[in-house]
Amino acid sequence: MSFVTVKNLRKTFGQETVVCDINLEVAVGETVALLGPSGCGKTTTLRCIAGLEQPDGGRIVVGDRVMCDIEEGTLIPPEQRNIGMMFQSYAIWPHMTVYENVAYGLRVKRMKPAQISEQVDESLRIVGLQHAAKRYPSTLSGGQQQRVALARSFAAGPSLLLMDEPLSNLDLKLRERMRVELRDLLKQLGKTAIYVTHDQADAMILADRLILMNGGQIAEAGAPRDVYDHPTTIFGSEFLGSTNIIDFSDVVNESGQTVGRLPNGVLLRIGNAGTSLRHAIRPERIALSRQCEPGWDVNVLRGVVRKTMFLGNLTYYDLDCNGMTLVVQAQADSFGVGDELWLHLPPQWLQSVI
Ligand code: ADP
Ligand code: MG
C-alpha cells in the first residue's frame, strides 16, 4: 500500500522549471532513493514533500493526509507534517550535549519532559549512543555525530523520514559502513524513507526502489537490480555503472528473431526487442576469451586489445572490433595490449535504450 503519493509535482524558480511533473509513490516501510546528478531537482522535490518549498503544481499525500494540493489550495506547514529530516549539513549543535541535540526538536514541539526523556533515550539506544548522552559533539567521531543527527531526525517518531545526502560529508570508508548501518536501521525500525543522493552506490545499497532523475524529470524507476540490468535510457545505463552504447544502422526482424545490423555490416541478435536503434550492453556482460568458446553460437566478434585499465580485482579492456570500440570487464591481468581476442555478446544483455 502506498504511504506517500506525489502527483504531477512541479516547481519553478523564476523562468526555470526545476521539477517537472514528478509522480512517485512510496510504500509503507519502503526506502526509496531519489538519485541523479547535481542540479537535477532532488533536493527541491524533497523540500516540497517536507513543506519547506511551495510547489507550483501538484499534490502530495502522506498517510491519510493531503499535505499539499495546489489546485485545491491545500498547504500544510512543515511543522505540522510529522516528517523527520536529515540533511547533508546535519548541523548538530556544538554547544549542546548529545542528549540536548536530540531533545531539541521535542522541546520545540512542547512535549512533556517525561516523554522527551523517554523518546531521547530510546532514539539514542537505537543508534547505539546511549552511553554518550552527556558528551559534546566535538568529543565524538564523524560516524557517531552522524548517528546523533539520525537519532534527532526520528526522535519525534515521524511517520516519514526524508534524508538529503546525509552521508556525503563522510570519508569513503565511514560512508561505506554507515550506508549499511543506515539500511539495517531503517529496516529494523520499519521506517518509510525517501533518501536523496547523487551517489549510485548509496542508492543501490540503501534503496528498495530507486528513482533516477534527470533535468527535473524521472528517467528510470524500479528495484536497483532491474534498473541496473534493464535501463531504458542511455542516461540511466551510463549513470548507473559503465556501459557500451551500440548504434545499429538497422534493426530488422529475420525469421522471428530481432537482429541489429552494425555499420560494418555485421549482424547481432537482440534478445529484448525494442524500437530503438541504440542498444546498451554492460562491460561485465560481454565475455572475452583467446578462443571461440563452446556455446558461443551467435554474436561472436573478434577484437584487438587497445588499452587496459587495471583496477586491482578486475581490469577493463578497450577492444577495437573492426572499427567499433567495446569496453569489456574481465579478470585482472588476463590479457595485454595487442592481444587478438574473441568476444561474445549474449543477446539478452543487449538492452534497447533511448
Ligand atoms: P539537486 O538536489 O538534485 O542537486 P536542486 O533541487 O538543489 O538539485 O536544484 C535544482 C535546480 O534548482 C538547480 O538548478 C538549482 O540551481 C535550482 N534552485 C534550487 N533552489 C533554488 C532557489 N531557492 N532559487 C533558485 N534556484 C534554485
Ligand atoms: Mg541536493
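Domain bounds here come from an automatic or database domain assignment. I looked up the chain's assignment and found domain 1 (2-239) and domain 2 (244-352).

A note on the source: I am reading a predicted model, where local features need pLDDT of at least 70, side-chain atom pairs count only at pLDDT 80 or more, and totals for chains, interfaces and linings use all residues. Residues are numbered from 1 along each chain as its sequence is written, and chains are lettered from A and ligands numbered from 1 in the order in which they are written.

**Domains.** I checked the C-alpha centres of domain 1 and domain 2, and they lie 40 Å apart. Four residues of domain 1 are in contact with four of domain 2 (C-beta atoms, placed from the backbone, within 7 Å).

**Sheet.** I then traced an open, mixed sheet of six strands, ordered β7-β8-β9-β3-β10-β11. Strands are DSSP runs of E, at least two residues, and helices runs of H or I, at least four, numbered from the N terminus; two strands pair if DSSP finds at least two bridges between them.

Strand β3 (residues 31-35) runs parallel to β9 (residues 193-197), with five bridges between them. I picked out T31, whose bridge partner in β9 is A193.

**Helix on the sheet.** Helix α4 (residues 142-154) packs on the sheet and touches β7 and β8 (160-164). I noted about 160 degrees between the directions of α4 and β7; axes are lines fitted to C-alpha atoms, for helices over the stretch in contact, with angles from 0 to 180 degrees between N-to-C directions.

Notes: Two residues are in contact if their C-beta atoms, placed from the backbone, lie within 7 Å.
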